[in-house]
Amino acid sequence: MSQLQSGDKIKKMLLDLGYFPTEDLTWKATLFVNKFAMQSQSKGQAVSALCLDGPPGSGKTEFVIKYKEVAEKCLEEKINFIQYQCNTTTGREDLFEEINIKAVVQNDAENVILRGKLIDAIEKLNNGEKVILFLDEFDKAKEETDDFLLSFLQSGQIFSTQLGTVEVKREYLGNLQVFVVKNDKRERLTGPLESRLDYVHLTEMSPEIMHKVLMRAYGKQNERLVKLCSILYELQYINKDKLEKVTSCRECLVSIRNCLDLMKVNAPQRIIYATLLDGLCKLKDDREVFLSFMRCANDNSINALCDLFKKDSPENEKTLAKIWLYEGEEALSQKSEDIEKKTAELDAKIAEAENLIKKLTEKNANEK
């Protein structure tokens, strides 16, 4: 049996991979890594399964990807990562049977049906391999899929008209972990399935964490651009109840990457800033609301950007100068320092709490 891992170690490994976990996620990751190590199953439930629930951009998918890397390092072995992207047509059959479009076109009846992701997972498990089955955007699937997944989690087996009963050998059930990710297509999964899943509820990434992620990715290439993106994200986050969608971490990263690529070919600054804002506000209604927030912001650099967001506005050197050379750079620098200060204070409080817990644990152990 592999050595059990501590929460501190799992958190550090996730941070080293560039993922900033919440406390709940840290301990869920620790729990599931140790389940793999012990090859244990929850009482009354054959397969370990975790549901990550939260709005788009809250880091659910990225967590599952990073968790797989952490688990492999802890266990010192390869883990098969099998992903299925659900959609509004996804039903129970889609998880264990897929349509071979090429065979349909060629009228090849014998090869029209392909083995699905779940069959692939079961075959690997029965060969003694470890598997993470990742069901992304599961809330888009038809509700009938909930009952099918529940049955599989309880029994470790499925029934296919093509293959009959297919099941995971009892001794290998601990080698499978299922991660179910849901957004907001359905507010809730069916009650019986919810009761069988471990749950973690995530919210939009905090401005402090977003700033850390962006700085880690692109701070060395263009710190000022990262600071600007962080400020605009913070403005969205503060007013998120008035927006249909808050920008995801991936969208922020892509927007900065696009701006850096434009800088390499000497694109006008107005185009660069407009590209950043376009990437952060993709929905038309949100764009108008967000611009109103920017106009109300008591910050000359943000107000200047409002002018640059108009695609048909001419190049305005005075406006550009406002952003970086005068009020803009000073405002961006100050806000970035404020974010970093808040982050340092939070880290210090966490460290203080961890030390206190450690002392209390040692005291209780000595008293016993």
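Here's a quick briefing on the largest cavity in this structure and on α6, a helix that helps line it. Keep in mind that the model is predicted. The count comes to one cavity of 30 Å³ or more, and the largest cavity holds about 50 Å³ of space.

**The cavity and its lining**
- Around the largest cavity you'll find L95, K117, L118, L133, L135, F148, L149 and F152.
- Sorted by class, that lining has seven nonpolar residues, one charged and no polar ones.
- Three elements each put at least two residues into the lining: α5 (117-125), β5 (130-136) and α6 (144-155).
- Of the elements, α6 gives the largest share of the lining, with three residues.

**A closer look at α6**
- The length of α6 checks out: at 1.5 Å a residue, its 12 residues should span 16 Å, and the end C-alpha atoms sit 17 Å apart, which agrees.
- Buried residues of α6 are T145, D146, F148, L149, L150, F152 and L153.
- F148, L149 and F152 are on that buried list, and they also turn up in the cavity lining.

**What covers α6**
- The cover over the buried residues of α6 includes the strands β1 (48-53), β5, β6 (157-160) and β8 (176-182).
- Helices α5 and α7 (191-196) are also among the elements covering those buried residues.

Definitions and conventions. Residues are numbered from 1 along each chain as its sequence is written. This is a predicted model: local features need pLDDT of at least 70, side-chain atom pairs count only at pLDDT 80 or more; totals for chains, interfaces and linings use all residues. Side-chain values use heavy atoms; hydrogens and water are left out. On a 1 Å grid over the protein atoms alone, a cavity is a set of points where a 1.4 Å probe fits but cannot get out, and a pocket is an open set with protein on both sides within 12 Å along at least five of seven lines; lining residues have an atom within 4 Å of a point. Grid points are joined across faces, edges and corners, and a volume is the space filled by probe spheres set on the points. Helices (H or I, at least four residues) and strands (E, at least two) are DSSP runs, numbered from the N terminus. Ala, Val, Leu, Ile, Met, Phe, Trp, Tyr, Cys and Pro count as nonpolar, Asp, Glu, Lys and Arg as charged, and the others, Gly among them, as polar. The expected span of a helix is 1.5 Å times one less than its number of residues. Buried means under 20% relative accessible area, exposed over 50%, partly exposed in between (1.4 Å probe, protein chains only). Contact means heavy atoms within 4.5 Å.
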